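Thanks for coming, everyone. I'd like to walk you through some side-chain packing today, so let me put the model up.

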Amino acid sequence: MNSLFAKILLWFWCTLAVALVGSAFLSAWNVNRNSSDSESPGSRLVHFELEEARVAYETGGRPALAAFLETLQRVYRAKGILTDERGRDLLTGQDCSVMLQRARRGPGFLRMPLSTDIMARVAEDGRYWFFFLVPRIRVGAWFLTPDHLFFMAIAVLLCYWLALHLTSPVRALQKAVECFGRGDLTARVNSARGDELGQLARTFDRMAERIVTLLAAERRLLLDISHELRSPLARLGVAVELARSGDDPEANLNRIQKESDRLNALVGQLLQVTRAEGDPSSLRREAIRLDELVAQLVEDGKIEATAHGCRIEATASESITTSGDPELLRRAIENLIRNAIRYAPNGTAVEVSVARRENDAVVLVRDYGPGVPEESLDRIFDPFYRVDSDRNRNSGGIGLGLSIARRAVQLHKGVVRARNANPGLEVELRLPA
């Protein structure tokens with residue numbers, strides 16, 4: 001039996017059947033056991049019949065006793081026998097000593113070999129015995145009636161519905177997994193259930209979305225890499241040919257060195273993107289003094305700022321601590337500062353500040369350069385995106401710095417966004433403090 005539906009249906013039905021049969025057996029057994037109890041309603045009824053039969057016999061003789069027993073037969077559809085202390089039937093004279101002997105061993109409910117059982121009671125003075133012959137209560141005879149079978153059928157239908165209710169989302173998930181495995185990346189379960197099976201289905205949907213996102217990013221990354229490598233490789237080939245011709249070999253070697261450095265920077269930043277897109281659970285967490293980290297990065301960037309003809313100014317209102325990976329946050333903030341230095345005009349300042357706003361630590365990096373068109377503010381954090389085709393090439397960028405910064409910040413449950421400061425561009429990095 002390999003079907004989960006069949007297993008659930010069978011197990012639930014068997015459980016109900018065992019519970020029904022067991023309760024019926026215990027009920028019948030308790031009826032039989034209680035019948036021998038002197039305080040049970042049945043025993044009291046037999047004692048009352050004994051007293052009535054005795055009064056009828058002593059006051060009216062056999063005719064009155066016969067009339068009473070006939071009434072008893074008609075009302076209860078059971079036979080009654082009144083005997084003396086020796087076991088002689090006072091109505092027919094029949095010898096009932098065998099029943100008397102058994103009754104004396106334990107008055108109450110007597111199990112007889114035939115289909116009739118006997119309830120026996122003795123008078124308080126011991127002169128009379130009354131035997132009440134009742135049909136035997138058979139365990140299993142009364143709970144297999146059509147009414148009980150009808151309710152068992154209803155139980156089977158309810159078990160069927162329950163099994164269907166439990167296995168239908170599993171089958172839907174199985175179908176979605178099979179379709180996804182065959183290459184249909186749009187396959188989803190879209191379950192609205194609120195139980196564990198619904199949570200499992202939604203987990204699969206999130207996993208599928210993540211896989212689709214990673215595959216799309218991989219394809220986009222391959223296309224971008226092929227596009228970005230084509231130009232420096234072509235220039236390298238031209239520089240090599242010029243170096244072979246012997247015309248100004250020093251300049252050609254410098255050009256080769258420049259293109260090699262560019263390729264090396266491209267590969268290094270691509271590795272950073274790959275690491276940032278890795279498993280977030282493997283992210284190293286430790287306490288970081290964000291104000292000290294920014295101050296160190298500003299100090300390191302002063303040389304590059306001086307080379308570009310600008311300066312860096314840093315302000316920090318208080319000490320701010322956050323939790324995260326020091327190397328990832330260092331690269332993120334460093335990329336923001338270097339991007340601002342790259343576009344800062346000569347004689348201007350790059351302003352870097354750290355402040356606490358409510359429960360967040362905020363790092364602001366502003367330059368006084370040309371800014372970014374409003375429609376491009378959201379896209380400057382995409383890999384390899386350039387506001388125009390030559391801007392980053394002329395400044396030495398390859399369009400990955402802001403992308404690396406955004407991914408690093410997102411891994412730390414933060415946000416990074418840019419806005420035009422008129423003049424210049426201001427980038428805000430916000431992390432949980």
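Let's start with a charged pair: Asp84 and Arg88 meet through their side chains in a salt bridge, at 3.4 Å from N to O. By salt bridge I mean a side-chain nitrogen of Lys or Arg within 4 Å of a carboxyl oxygen of Asp or Glu. Asp84 is buried, with a relative accessible area of 6%, whereas Arg88 is partly exposed at 34%. For those words, buried is under 20% relative accessible area, exposed is over 50%, and partly exposed lies in between, with a 1.4 Å probe and protein chains only.

A quick word on where this comes from: the model is predicted, so local features need pLDDT of at least 70 and side-chain atom pairs count only at pLDDT 80 or more, while totals for chains, interfaces and linings use all residues. Residues are numbered from 1 along each chain as its sequence is written, and side-chain values use heavy atoms, leaving out hydrogens and water.

Back to the charges. How many salt bridges does the structure hold? There are 17 salt bridges. Arg289 takes part in a salt bridge with Asp291, with the closest N and O atoms 2.9 Å apart, and in another with Glu292, at 3.3 Å. Arg289 is partly exposed at 33% relative accessibility; Asp291 is buried at 13%, and Glu292 is partly exposed at 44%. Further along, salt bridges with shared partners join Asp360, Arg417, Arg419, Glu426, Glu428 and Arg430 into one network.

Now the rings. Here, rings of Phe, Tyr and Trp (its six-membered ring) pair if their centres lie within 6.5 Å; planes under 30 degrees apart are stacked, over 60 edge-to-face, and the rest tilted. That rule gives 4 aromatic pairs. Tyr57 and Tyr128 have ring centres 6.4 Å apart and planes at 75°, so they are edge-to-face. This pair links distant parts of the chain, 71 residues apart: Tyr57 sits in helix α2 (residues 41-76) and Tyr128 in strand β4 (residues 128-135). Helices (H or I, at least four residues) and strands (E, at least two) are DSSP runs, numbered from the N terminus. Tyr57 is partly exposed, at 23%, and Tyr128 is buried, at 5%. Then we have Trp129 and Phe131, whose ring centres are 6.2 Å apart with planes at 15°, so this pair is stacked. Trp129 is buried at 5%, and Phe131 is buried at 0%.

Finally, the nonpolar cores, each a set of buried Ala, Val, Leu, Ile, Met, Phe, Trp, Tyr and Cys residues joined through side-chain atoms within 4.5 Å. The largest has 41 residues, and those touching the most other members are Ile312, Ile333, Ile337, Val350, Val352, Val365 and Ile380. Elements giving two or more residues to this core include α7 (290-307), β8 (349-357) and β9 (360-366). Which element gives the most to this core? That would be α8, with 8 residues.

Take Val350 as an example: leaving aside neighbours within four places in sequence, its contacts (heavy atoms within 4.5 Å) include Ile312, Ala340, Ile341 and Val365. There is also a second, separate core of 17 residues, among them Leu50, Ala53, Leu69 and Leu72.
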